[in-house]
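Below is a short briefing on one structural model. It covers the chain contact, a sheet, a helix pair and the nonpolar core.

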Amino acid sequence: MGILLQLLFTGLGIGAIYALVALGFVLLIRAAGVVNFGQGEFAMLGAYLLVIFFNLLALPYWVAILLSIAIMAAFGVVFAGATYWPLRNRGGLPVIISTIGASIFLENMVLVLYGPAAEQVDGLFDAPGIQVGPVFMDSQYLSIMVIATLLVLLQYLIFEKTLLGKKLQATSQDKEMASLLGIPVAAMILITFAYSSAIGGIAGILIAPILFVSTGLASIIALKAFAANIIGGYGSIPGAILGGLALGVVETLGAAYISVPYKDAFAFLMLLAFLLIRPQGLFGEKISEKA
Amino acid sequence: MKLLELQGLTARYGAGDVLKGLDLHVDEGECVALLGSNGAGKSTTLRAISGLVPNLAGDIRLAGKSIKGLKSEAIVRLGVSHVPEGRRVFPGLTVRENIMLGASNRKGLRRAQMNAETDEMLGSFADLGRLQHALGWTLSGGQLQMVAVARGLMAKPRVLLLDEPSLGLAPLIVQQVFRIVADIRSRGTTVLLVEQNAHVALSVADRGYVLETGRLLVTGKPEELWSNPQVRAAYLGGLAA
């Protein structure tokens, strides 16, 4: 029982990362109708920025983190300008292809600039963690869960309690009508890209101390987050969170009880099972085609 | 005084012109009906005024100044509020939130003032107060139309563009909607109304324009339009005034 609880804790920690990246996916789907396959690269870039600011430039840890998040938010706007804006009136597919192209470019750009060697960074706290009953709560996993929860709450407050949130929602539901009301649609979409890139970056910063920082980080996180999005229900915010957490738990339990080398396969088996049995996901509507 | 004026407006969609050199004007405080059959170019005219049609020739002037080529967001800030065909109420937002967002064009409006005006607007439409926390997708056609009009009015427009407000509504609800249109007009708001139901539209309008395949066929006061046998037979359903 103790081991199971321990695995659940670890699975929820990893799942929280998938949930954060999946949240970025969902926001862009809802606001701009864009499936952004560069979402994993946002996490990778966030992790590399932390490596640069903390490991190389030796800035204080929290300064390095805040600087990385700010740069990622700005990067989101640049990314939107390069991949979405020129193609925004040409339907969903060209933008998807464009984000795939951008993700390949970014991964290889980092490879050229930084090389293939993986980097490691310190965790948020020096203390290894705390023992709660049979479960040892690693401080980094605990930080991931707390920060992910705070971000979800912050997002809820922004979307549900502020006028900006209502304008963002209106833009996601009907862009033309939003513009007829005087809502600056372009600004709303750019804000969503910035936010989406920032939370992707935060996910990368949070997972950097657990996994080695390498260019491979991007694709695996992106695929898991996309799977979380499908499992939770395409375009659903609660679905992205629950889908991410479920995926983290399933792959951790699968790795522990069945096979470590097939860890990633469990996540995708879960995705396949959902596509066959419940294609609309946990919270989604029944759809035959989107984006 | 001409508040809104179209001068030789031509709109192109794909290979063909939907509007072909359209001239019309709406005086301040006037309610003008734009009539015609399906495909005559009525909705395109409103969309062009609101900056939603990219390929335009001719000019659109608001209080003497050209607004052609401006973005929709800029046009609504200048005082042109568009209640489009199909109501387009945001389905995932509540009635209150939908109406509140109608004031998005008014820069510097404080949240408290926006809330007070939303309360006032909710109170001035029967039923909307009680429905204020209902989500858009749960509303009936008539309720959606009320929300769409209330949202349009929150912009405090100089000109209200109303596109097919009676479409798909039961006769009793149509009467209710047009009582509201008459009320808006009596309070001095300039209205350009697009309607297929000529009978109800001309009952509230000061003047009417009848379009045929993007061209102006005839214009005049309601009684003049009713007395034109060609217009009555072809575009007004042959109904007597």
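How many residues does the contact take from chain B and from chain A? Chain B gives 20 residues and chain A gives 15, where two residues are in contact if their C-beta atoms, placed from the backbone, lie within 7 Å. The model is predicted: local features need pLDDT of at least 70, side-chain atom pairs count only at pLDDT 80 or more, and totals for chains, interfaces and linings use all residues. Residues are numbered from 1 along each chain as its sequence is written, while chains are lettered from A and ligands numbered from 1 in the order in which they are written.

- On the side of chain B that touches chain A, α2 (72–77) and α3 (95–101) of chain B each supply at least two residues; helices (H or I, at least four residues) and strands (E, at least two) are DSSP runs, numbered from the N terminus.
- The most comes from α2(B), with four residues.
- This side of chain B has eight nonpolar, seven polar and five charged residues (nonpolar: Ala, Val, Leu, Ile, Met, Phe, Trp, Tyr, Cys and Pro; charged: Asp, Glu, Lys and Arg; polar: the others, Gly among them).
- B:Val76 lies in α2 of chain B, and its contacts beyond four places in sequence include A:Leu180, A:Leu181 and A:Gly182.
- B:Val76 counts as buried because it has 26 C-beta neighbours inside 10 Å (buried: 20 or more other C-beta atoms within 10 Å; exposed: 12 or fewer; partly exposed: in between).

**Sheet in chain B**
- Four strands form an open antiparallel sheet in the order β2-β1-β4-β5; strands pair if DSSP finds at least two bridges between them.
- The edge strands are β2 (16–27) and β5 (65–66) of chain B, each pairing on one side only.
- Helix α1 (residues 42–49) of chain B packs on the sheet, touching β1 (2–13), β2 and β4 of chain B, and its direction makes about 70° with that of β2(B). Angles run from 0 to 180 degrees between N-to-C directions, and axes are lines fitted to C-alpha atoms, for helices over the stretch in contact.
- Strand β4 (residues 56–62) of chain B pairs with β5(B) over two bridges; B:Arg61 has B:Ser66 as its bridge partner in β5(B).

**Helix pair in chain A**
- Helices α1 (residues 2–32) and α10 (residues 237–257) of chain A pack at about 145°, with axes 6 Å apart.
- Their contact has 20 nonpolar, seven polar and no charged residues.

**Nonpolar core**
- The largest nonpolar core has 158 residues (a set of buried Ala, Val, Leu, Ile, Met, Phe, Trp, Tyr and Cys residues joined through C-beta atoms within 7 Å).
- The largest share of this core, 17 residues, comes from α1(A).
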